[in-house]
Amino acid sequence: MSASAAPVRFGLVGTGWRSEFFVRLARALPGRLTVVGVVSRSAERAAEVEAAWGVPVHRSVEALVEGAATGGLRPEFVVPSVPWDATPGVTKELAALGVPVLAETPPAPDADGLRDLWRATGAGGLVQVAEQYPLMAGHAARLRLVQDGVIGDVTSVQLSSTHLYHAVSLIRHLLGVGFDPVTVTARAFTAPLADPLSRDGWTDDLTPRDAETCLAFLDFGGGRAGLYDFTDNQWWNPLRARRMVVRGSLGEIVDDRVIRMADPRTPVESPLVRRLTGTDLNLEGRELHHISFDGRVVYRNEYVGAQLSEDDLAVVDLLCRTGAWVRGEGPEPYPLAEGCQDHLISLAIQESVRTGRAVTTEREAWAG
């Protein structure tokens, strides 16, 4: 979406912390995003939200879609920000009304739910999935280098960062694999680990407690593989770093370092360099402007001035891309088929841990 276009109008179903997250981002970028309404099934919660968030609250999806009490302002798409088991029902309800949907991850809690959701909505092409991780600055920069062929054909990805379907999304996109079956071998173990920080804040407690780590090997065939490594609360726990290795036929990317050959006898290494303002005497504000590689920009923050975190930037970008898609001005940001495949593989990881056996997925209807 161009900066001069009208703000993207979207609605929300649900009033939890994630919905508040979307409202906060819209407030940060009023020229780009507008929340036109929220659905709450509870009258008491509706009153609280309307007062605290300053957005119209409706008691039904139909009222939100029709723009009741908003001067006829309809959402261009709706985000069902509800518990996992409620997401498919709300998604189907919206799609039946002809409303584009940006479903939260995962789009359904289990494999049967994914298949049922696809049967109900897949042919309509109205459902996208709110998978923002490929749009996060560092990951987007690495994907750009992979697409440019800097390290040749990617053969393996080792990822220790985020969990399940988000991690699978990154592995799949870096490897360039589609919807073919994958064989998953996974194991989990527990070990003591202090957990000083969570979403609720600092715990002021450094007592080690059992934390589970899951390791999974994903064999996509054709010499392409992924290694998944995740420990409980790794998103927040500062005692567990995030790591990524992307290996290709002509080099590899290790976190923010890129190794490849300049000529047949000269291996060289270059960093991915972030331009972060707001340090020392720089008064531009604390935010990421761009990421460069060998003097060329491979990621650019299109929302400079909002001073958003990298995760926030990815979600904003996803919302704006969804708006562009709805308006016929851009491609699908993350089709339902992709989100279904991500979660199908994440379910295979969990099944392999549970059974102690390798699990091979099947080619599903959404593979096309």
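Author: Buried here means under 20% relative accessible area, exposed means over 50%, and partly exposed lies in between, computed with a 1.4 Å probe on protein chains only. This is a predicted model, in which local features need pLDDT of at least 70, side-chain atom pairs count only at pLDDT 80 or more, and totals for chains, interfaces and linings use all residues. Residues are numbered from 1 along each chain as its sequence is written, and side-chain values use heavy atoms, with hydrogens and water left out.

Reader: OK, so is V150 buried or exposed?

Author: V150 counts as buried because its relative accessibility is 17%.

Reader: And what does V150 touch?

Author: Taking contact as heavy atoms within 4.5 Å, and not counting residues up to four places away in sequence, V150 touches L145, V258, R260, F293 and R296.

Reader: Switching to the rings, how are F10 and F77 arranged?

Author: Rings of Phe, Tyr and Trp (its six-membered ring) pair if their centres lie within 6.5 Å, with planes under 30 degrees apart counted as stacked, over 60 as edge-to-face and the rest as tilted. By this rule there are five aromatic pairs, and F10 and F77 form a stacked one, at 5.7 Å centre to centre with 10° between the planes.

Reader: What about F21 and F22?

Author: The ring centres of F21 and F22 are 6.1 Å apart and their planes are at 90°, so the pair is edge-to-face. Both F21 and F22 are buried, and ring pairs link F10, F21, F22 and F77 into a cluster.
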